[in-house]
Amino acid sequence: MRHGKHFLLLTCTMFMTMLCRSQKQTIAYNSDSLKIIALSENSFVHVSYLQTEDFGKVACNGYIYLKNGEAVVVDTPTEDAVSEALLAWVTKEKRHMLRAVVINHFHSDCLGGLQPFHDAGIASYANIRTIALATPSGSAVPLHGFSDVLWLNIGGSMVENRFLGAAHTSDNVCTYVSDEALLFGGCMVKSMNATKGFLGDADTDAWSETIAKIQHTYPDLKTVIPGHGESGGTELLQYTEQLFLKK
């Protein structure tokens, strides 16, 4: 019973924190198919939409980091046409050179719009497991693989992409920007009040342990971006860890 009360209190606290954060969001770009939300001068969440059989129209998050004329995108929009709009916003409106796109895991909400990045000559990266899992689809897959960690220098700042274990999928990675104290967790991190969602490729036994590793590896986090829903702080990691704890 005490565990249940603790979880309820944690849930209420996280809801209020998320509400305060959502009120501070600034919309940098908005159309029917793409929304870009400014979290800081350099960090943005891009939101595109995926029509699913089980969950209807789902808003899918990605991340954009801009620094000193260079940029990296984490996860593509869900469709090629939307990726083209994102590329135009980064390169023409913001006047940054896009150095790389990093894919969080092999599902279509992460790489459905990858081809326009390749057409523009932009280097694409993913966990080697992601490339192996995505290849049978016949669609565009990332061109460069890494096993444990990939460091990218973007405008003089390091962007760390690391595999810490299975969760939503066996290949999911997280992206950490130390200058922003920010983590893009993708679908392994749940937004406030989210359900467990699609578990068809999940490792629910390992999920909580992987989230605990993230918290241990990046103790200074201030901003956490989930794969779907509102961004928040470390309370999202705490919520997700509790959600998948073995009962």
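# Exercises on a predicted model

V141 sits in the loop between α5 (128-134) and β8 (144-146). Keep in mind that this is a predicted model. Let's begin with that residue and work from there.

**Exercise 1.** Work out whether V141 is buried or exposed, and find which residues it touches.

*Solution.* Step one: look up the relative accessibility of V141, which is 17%. Step two: compare that with the cut-off, since buried means under 20%. V141 therefore counts as buried. Step three: list its contacts, leaving out residues up to four places away in sequence. V141 touches L114, H118, S124, A134 and T135. The C-alpha atoms of V141 and G113 are 10 Å apart, while the two residues are 28 residues apart along the chain.

**Exercise 2.** Find where T78 is placed, and which backbone oxygen its side chain reaches.

*Solution.* T78 belongs to the loop between β5 (70-74) and α2 (80-93). Step two: check its cover. With a relative accessible area of 9%, T78 is under the 20% limit, so it is buried. Step three: follow the side chain, which reaches the backbone oxygen of Y49 at 2.7 Å. Step four: see what else is around. Not counting residues up to four places away in sequence, T78 touches S48, Y49, L50, C60, S108, D109, G112 and G113.

**Exercise 3.** R95 and A181 each have a positive phi. Decide for each one whether it is buried or exposed.

*Solution.* Step one: recall the background. Most residues other than glycine have a negative phi. Step two: read the angles. R95 has a phi of about 55° although it is not a glycine, and A181, also a residue other than glycine, has a phi near 50°. R95 is in the loop between α2 and β6 (97-103), and A181 is in the loop between β11 (174-177) and β12 (182-186). R95 comes out at 70%, so it counts as exposed; A181 comes out at 7%, so it counts as buried.

**Exercise 4.** Give the strand order of the open sheet of five strands, and name its edge strands.

*Solution.* Step one: read across the sheet. The order is β9-β10-β11-β12-β13, and the pairing is mixed. Step two: look for strands that pair on one side only; these are β9 (149-154) and β13 (223-226), the edge strands. Step three: check the twist, which averages 20° from one strand to the next. Step four: zoom in on one pair. β9 and β10 (residues 157-162) run antiparallel and are joined by six bridges. For W151, the bridge partner in β10 is E160.

**Exercise 5.** Describe how helices α6 and α7 pack, and say which residues meet.

*Solution.* Step one: recall what you need. Two packed helices are described by the angle between their axes and the distance between the axes. Step two: read both values. Helix α6 (residues 204-217) packs on α7 at an angle of about 155°, and the axes are 8 Å apart. Step three: name the arrangement. Angles over 145 degrees count as roughly antiparallel, so α6 is roughly antiparallel to α7. The crossing is left-handed. Step four: find the meeting residues. From α6, W207, S208, I211, A212, I214 and Q215 meet L237, Q238, T240 and E241 of α7. Step five: check how covered α7 (residues 235-243) is. Seven of its nine residues are buried, namely E235, L236, L237, Y239, T240, Q242 and L243.

Key. Residues are numbered from 1 along each chain as its sequence is written. This is a predicted model: local features need pLDDT of at least 70, side-chain atom pairs count only at pLDDT 80 or more; totals for chains, interfaces and linings use all residues. Side-chain values use heavy atoms; hydrogens and water are left out. Two strands pair if DSSP finds at least two bridges between them. Helices (H or I, at least four residues) and strands (E, at least two) are DSSP runs, numbered from the N terminus. Axes are lines fitted to C-alpha atoms, for helices over the stretch in contact, and angles run from 0 to 180 degrees between N-to-C directions. Buried means under 20% relative accessible area, exposed over 50%, partly exposed in between (1.4 Å probe, protein chains only). A polar contact is a pair of N or O atoms within 3.5 Å; within protein, one must be able to donate a hydrogen and the other to accept it, and residues adjacent in sequence count only if both atoms are side-chain atoms. Contact means heavy atoms within 4.5 Å. Angles under 35 degrees count as roughly parallel, over 145 as roughly antiparallel, 65 to 115 as roughly perpendicular and the rest as oblique. A crossing is left-handed if the near helix is turned anticlockwise from the far one by less than a right angle, and right-handed if clockwise.
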